Amino acid sequence: MATEVDTWSTAPQADGMFSFDDNIAEANHPYGDDDVLIEAEVNGNWTPQEKALHEARLKAKAKRRLRKSSSRNSTSESFSESGDLAGGDPHSPKGKVTTNDRKSRTGKGRGLPKKGGAGGKGVWGAAGMVYEDEEPDARDPNYDESAQGDTVYATVVPEVDERELEKMVNPIVQEYFEHGDTKEVQMLLKGLNLGPHKYEFSSLAVSLSLEGKASHRELTSRLLSDLSGKVLSQSDMARAFDKMLKELPDLILDTPEAPQMLGQFIARAIADHVLPMSFLDCYKGKVDCEHARVALDRAAVLLTMKREMVRLDNVWGVGGGLRPVKHLVKEMNLLLKEYLTSGDVSEAEHCLRDLEVPHFHHELVYEVVVMVLESKGDTASHMMIKLLQSFWKTGLITVDQMNRGFQRVYDELPEINLDVPHAHSIMETFVDLCYQESVITKQLRDACPSRGRKRFVSEGDGGVIKN
């Protein structure tokens, strides 16, 4: 047993374990090493090593106290400058008394907000700061022209080239000859950027009308009158006609009557106030071209024929269906009378085409049949059959117009019979000849009315019919 006690007392102590003897020694010496050293210093028992160690500990303790006191002073100053109480929560972490505080947290400086409160992420600037409008820089890579407020968008129409002008104008003029609407032409021209070549539209329109019909020339004169002052000025019109006077030698190759027609255009334009009154005076004694002189003389004659500068509305004649019905009937009567005198079928066909009323050709057929009924002898009948046969073969008179003309005569035959007693018999004979020459159809021949009243020999013949 004694051996075990000695063993426990002499065994080395493990780390972290306490011994009973140490506790007794600590109880007997309640003060630390510093107190022991101070006591040794008082008794004069310090060694030089102990004295140096004691001085080092005192210096370190003084530094720690100085550092703590400076930290407390800076914290209290920052609270006092920001308007908060100097004594905050002692349990709060250092530097986090205010959540959104932007003051310096290092304990250095005056404790003011950084950049006067205008710094930091998500900050628009200091309170009361007013930003001025900045001019956008076009050289900025992010510059967007469409985002600018003063951006104006406009449709830019390129100027028509002189070589492409004719290709673009010809369809417009040809379509105008079909519908005759000057407002549509005006709208199309405003959509084109003709530039300095816009005067050429008038010369191109007149050139196309010279190759067409009289109605086309009438439409062209109306078009020039409506465009004057709106799309084209008087100077543009004068420039266009001056160009055409110089091109007359070339126009004659396609249209031999170009000088006379151009003179009529000039006279109509002056009467409609499209050209200035002094247009003809500018060429007196200054024209060397013979064709140009013919055109100017023609214009001067037409203008002197009219009193008080009345519009030359009939210079081209009234075209097509614009003519009154009485005027058309009169023209067809004159046509047929001239044909009976001359016997020229081609001339009669040319005159009928010039009237430009294909929807009114049934009137010609009606007048032909009436003239045959009122004529004496068979000469007129054979000539009219020849004329109708020519019109039928060339397609100038259609089946519908032919049938309509004959049907009108069938309906009015009782009234015609009052003036022409033998109208029924002449009509039957003429219809049979027309059918033999393939002028009319079999149905139309069968529709011819026959005389309804039968003649007897006398009242006492017992009802015997006279052969």
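Helices (H or I, at least four residues) and strands (E, at least two) are DSSP runs, numbered from the N terminus.

I am working with a predicted model, in which local features need pLDDT of at least 70 and side-chain atom pairs count only at pLDDT 80 or more, while totals for chains, interfaces and linings use all residues. Residues are numbered from 1 along each chain as its sequence is written, and side-chain values use heavy atoms, with hydrogens and water left out.

**Entry 1: overview.** I counted 19 helices and zero strands in the protein. Buried residues (under 20% relative accessible area, 1.4 Å probe, protein chains only) make up 32% of the 467 residues. Of the contacts between residues at least 6 apart in sequence, 66% join residues at least 24 apart.

**Entry 2: cores.** I took a nonpolar core as a set of buried Ala, Val, Leu, Ile, Met, Phe, Trp, Tyr and Cys residues joined through side-chain atoms within 4.5 Å. The largest one has 52 residues, and Phe201, Phe241 and Ile266 are among those with the most contacts inside it. Which helix gives the most to this core? I found that H11 does, with eight residues. I then looked around Ile266: leaving out residues up to four places away in sequence, it touches Phe241, Leu245, Leu275, Phe279, Leu280, Leu296 and Ala299. A second, separate core has 44 residues, including Val365, Met384, Ile397 and Ile440.

**Entry 3: H13 on H16.** Axes here are lines fitted to C-alpha atoms, for helices over the stretch in contact, with angles from 0 to 180 degrees between N-to-C directions. The axes of H13 (residues 325-342) and H16 (residues 379-394) come within 11 Å and cross at roughly 115 degrees. That makes H13 roughly perpendicular to H16 (65 to 115 degrees). Leu336, Tyr339 and Leu340 of H13 meet Ala380, Met383, Met384, Lys386 and Leu387 of H16. I sorted the residues of this contact into seven nonpolar, no polar and one charged, where Ala, Val, Leu, Ile, Met, Phe, Trp, Tyr, Cys and Pro count as nonpolar, Asp, Glu, Lys and Arg as charged, and the others, Gly among them, as polar.

**Entry 4: H15 on H16.** How do the axes of H15 (residues 361-374) and H16 cross? They come within 9 Å and cross at roughly 165 degrees, which means H15 is roughly antiparallel to H16 (over 145 degrees). Leu364, Val365, Val368, Met371 and Val372 in H15 meet Ala380, Ser381, Met384, Leu388 and Phe391 in H16. By class I noted nine nonpolar, one polar and no charged residues.

Methods: Buried means under 20% relative accessible area, exposed over 50%, partly exposed in between (1.4 Å probe, protein chains only). Contact means heavy atoms within 4.5 Å. Angles under 35 degrees count as roughly parallel, over 145 as roughly antiparallel, 65 to 115 as roughly perpendicular and the rest as oblique.
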